[in-house]
Amino acid sequence: MRERFADALRSQVVGPFLIMLAVATAMALSTDRFLLSQNLKNVGLQVAIVAIVAIGATIVILTAQIDLSSGSLVALTSVLLADIVKNAGLSVPLAALLMILMGAGLGLVNGFFSSYGRIPSFIFTLGTLAIFRGLAFQQTGGTPIFSVSPQLDPIFYGELGGLPLPFVYVVVLYALAWAFLIYTPRGRQIYAVGGNESAARLSGINVNRVRTEAFVIAGALSAVGGILLTARLDSGSPNYGQGLELMAIASAVIGGASLFGGQGNIFATLFGAFTIVIVQNGLNLHAVPSAWQNITLGAIIAVAVGVDMWRGEFARLLVRLWRRGRAAQDEARPTTSTSAEDDVQSRP
Amino acid sequence: MATYRPFWELRSVVKTFPGVRALDGVSLALRIGEIHALLGENGSGKSTLAKVLSGVHQPDAGEVFQRGELVVLRDPHDAQTRGVATFHQEFSLVPELSVAENIYLGRLPQRRGVVDWSAARRGSVEALARLNVKIDPDRKVASLSVAEQQFVEIAKAISRDMMLLILDEPTAALGPAESERLHGVTRVLAQQGTAILYISHRLDEVFAVADVVTVLKDGKLVGTNARRETSVREAVRMMIGSDLEEHFDRRENARERPRLEVRDVRTENRVNGVSFAVAEGEVLGFGGIAGAGRTEIARALFGLDRITEGDVLVDGRRVELRSPGDAIEAGIALMPENRKADGLFFNFEGPANITIAGLGAIQIGPFLSLTRERRRARKLMQELRIDRRAEDRSVRFLSGGNQQKVMLARWLFARTRVLILDEPTQGIDVSAKQEVYRVINELTADGIAVVLISSDFPELLAISDRVAVVRSGCIIHFAEYGELSEHELVELAAGGGANEVAA
């Protein structure tokens with residue numbers, strides 16, 4: 001039984017892992033600076049924030065919704081944290097806790113209106129994407145807050161038992177997310193709601209509540225991302241986190257999460273996040289201008305979503321071509337079963 | 001009146017779908033000026049025949065003639081240009097547009113590149129006048145009553161020089177007065193030179209409006225008679241046939257104590273004061289035609305429609321039913337009619353599908369025990385003889401019968417006390433049906449009270465300990481097992497000859 005579970009896990013994780021490996025190999029072959037230990041460490045630090053925000057993106061996507069506001073929430077968290085620590089003199093741990101609560105609260109707003117309020121989450125969080133960043137600008141009058149507090153630095157650059165803290169956060173949060181999704185009733189219900197909303201409702205699941213909670217989790221994790229970014233740069237800026245929501249969603253989708261909901265593996269999302277950050281890092285090493293980096297990221301997202309959407313058609317096309325080939329070979333034997341076609345419609 | 005020469009004619013039409021012979025050599029002649037009714041139980045081939053005439057389906061064998069000339073209808077557009085208009089239960093009107101805009105949708109009259117509104121209005125008024133109805137062409141369709149919308153729909157069809165009108169269950173959503181108006185319109189159209197094919201479940205109205213009655217059964221034509229030469233009783237006998245080939249295994253498991261009591265329950269969705277009780281281990285069957293309110297009663301009991309009046313008791317205790325969660329808590333479960341859309345999780349394997357409504361039973365502290373889940377699901381799957389491959393494959397790959405048993409397993413697992421089954425054997429083959437009956441017997445042996453909704457009347461009568469006949473959101477008749485013949489049930493459900501039986 002345990003092996004079988006491991007099998008299932010592996011099958012969903014192997015693809016994204018191989019993609020990550022392929023991208024890393026390409027980078028290593030194209031520039032010898034990629035494998036320098038300093039560069040690898042940078043990649044590791046860079047991936048932490050994307051990976052943590054991507055947990056929230058994955059959980060929301062599993063319920064067949066989407067959260068576009070996470071990057072803006074990172075910026076809002078960043079300026080508010082810098083402000084209340086530097087200008088109001090709050091202690092860093094208290095301020096960080098407040099920020100996580102605020103993130104959860106704004107996630108609640110996203111979730112409430114897009115589930116109970118029946119405003120499509122794509123539209124509603126597009127609205128909060130603008131609102132949260134607007135609030136961040138409003139807070140500082142557009143200027144960043146520098147040199148916030150010496151207490152911030154160890155949050156990002158500290159170590160625990162010789163391990164860099166961002167690594168620890170990622171491991172702990174991913175382990176928690178995995179346990180939540182696989183081993184709690186709520187986690188199971190998240191998959192159920194995304195898999196078949198109507199059936200979930202008729203199984204007694206409070207669909208709106210489950211969806212709202214997913215957004216609350218995503219909001220809290222965006223705030224964690226905002227705190228880490230502020231600590232890393234010892235500054236708060238309304239410009240932070242631009243496009244982070246796309247990177248987070250792309251991580252989930254490259255990791256095989258279906259935008260239709262109900263399909264996705266949290267560890268695969270982690271490999272998705274690594275893939276994206278490695279691509280970005282490699283483009284930096286090749287001194288590709290940032291405009292082209294954006295274009296590349298956009299193209300990766302489009303392709304990843306396309307693969308998700310077309311998976312069924314693509315597989316059916318292959319089956320049809322294969323059948324045609326086989327029918328041409330032996331016309332004498334009639335084809336009997338249609339089950340092969342059914343097989344490939346399932347998403348791995 | 002009716003001309004002798006057929007206007008449209010089908011000769012020995014055969015249409016097969018995977019696993020079903022929907023039409024098996026059916027011949028039919030439709031004449032101008034004649035209202036031709038098509039009768040038959042669900043799945044008898046009525047709709048398939050209509051779709052052959054409207055170009056949706058192409059026959060595998062047989063011929064279609066128009067005015068004695070062989071025609072091939074490649075697609076619905078082909079049929080439309082030949083003057084066939086189909087009128088469905090669902091409307092094709094755009095609610096936000098006016099009556100005139102709808103009637104001329106996609107072909108508004110133009111003059112010098114500008115829409116000629118006065119011509120459109122005039123044409124609309126004329127088309128409606130042919131039906132003897134008056135509706136302001138500038139009114140928005142959304143503001144019209146259901147019946148008025150249907151008239152607009154028909155006006156839209158006849159403004160296109162339609163010559164054959166197919167009406168598929170046109171009165172399903174109408175009240176008696178509105179149905180009568182529609183029948184008036186139908187007669188007017190026939191007199192003005194239209195051939196009409198009228199498909200309905202309601203025998204009384206068929207006999208009120210039709211000139212000719214054709215009965216289909218299992219894709220075969222049983223007979224065509226002039227209405228004056230036949231009767232409701234004769235038609236029912238033809239629809240049912242005398243031979244019951246299927247075998248139903250029914251066990252008496254009903255005990256004394258009432259499990260579910262429903263007292264004068266009303267909702268805003270077509271439940272008008274329903275009272276009944278189901279005992280432990282009893283199967284109560286709900287008979288009725290489509291739209292009679294059976295599914296709506298089920299929705300009320302499962303917390304999907306708000307109960308505005310009346311009480312529901314489970315094991316003598318009054319329960320509040322505001323959501324499916326409440327209902328499941330109270331021990332009431334619903335197996336919906338459409339298991340793919342409303343029941344199964346294709347992203348889960350068998351076990352997760354079975355446990356989803358009762359996750360509490362596999363929890364250790366706050367966590368799910370996947371080992372316990374698998375063990376308990378496997379046991380249920382063995383008991384219900386569910387395909388073993390369901391254990392680690394998506395339920396998508398299971399046969400219809402196995403999928404249905406997964407749904408039953410879900411409610412067994414959730415310790416349901418009252419199970420409402422909405423068309424549990426629809427679309428599954430005969431042997432899978434036997435399996436479902438067997439599982440129902442096991443449920444009742446465990447003391448579960450079963451409410452069975454089925455349009456398959458032989459099945460309903462054979463399995464139910466008692467049958468309640470539902471019409472217009474009320475239960476109009478209760479009958480013990482063996483008291484009611486299928487014949488009588490059909491008549492009661494359709495509203496023909498109710499008095500004889502109820503006496």
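**Helix packing and nonpolar cores**

Helices α4(A) and α10(A) cross in a right-handed way (the near helix is turned clockwise from the far one by less than a right angle; helices are DSSP runs of H or I with at least four residues, numbered from the N terminus). Their axes, α4 spanning residues 92-115 and α10 residues 207-233, come within 6 Å and cross at roughly 145° (lines fitted to C-alpha atoms over the stretch in contact, with angles from 0 to 180 degrees between N-to-C directions). Contact, meaning heavy atoms within 4.5 Å, involves residues including Gly103(A) and Gly107(A) of α4(A), and Gly219(A) and Ala223(A) of α10(A).

This is a predicted model, where local features need pLDDT of at least 70 and side-chain atom pairs pLDDT 80 or more, while totals for chains, interfaces and linings use all residues. Residues are numbered from 1 along each chain as written, chains are lettered from A and ligands numbered from 1 in the order written, and side-chain values use heavy atoms, leaving out hydrogens and water.

Turning to the cores, the largest nonpolar one has 224 residues, with Phe276(B), Phe286(B) and Trp411(B) among those with the most contacts inside it (a core joins buried Ala, Val, Leu, Ile, Met, Phe, Trp, Tyr and Cys through side-chain atoms within 4.5 Å; buried is under 20% relative accessible area, with a 1.4 Å probe and protein chains only). Helix α2 of chain A (residues 37-62) gives this core its largest share, 16 residues. Beyond four places in sequence, Phe286(B) touches Phe276(B), Arg294(B) and Leu460(B), among others.

Back in chain A, ten of the eleven residues of α11 (244-254) are buried, including Met247(A) and Ile249(A). Gly256(A), with a positive phi near 95°, follows α11(A).

Methods:
Buried < 20%, exposed > 50% of the residue type's maximum accessible area, 1.4 Å probe, protein only. Helix = DSSP H or I, 4+ residues; strand = E, 2+ residues; numbered from the N terminus.
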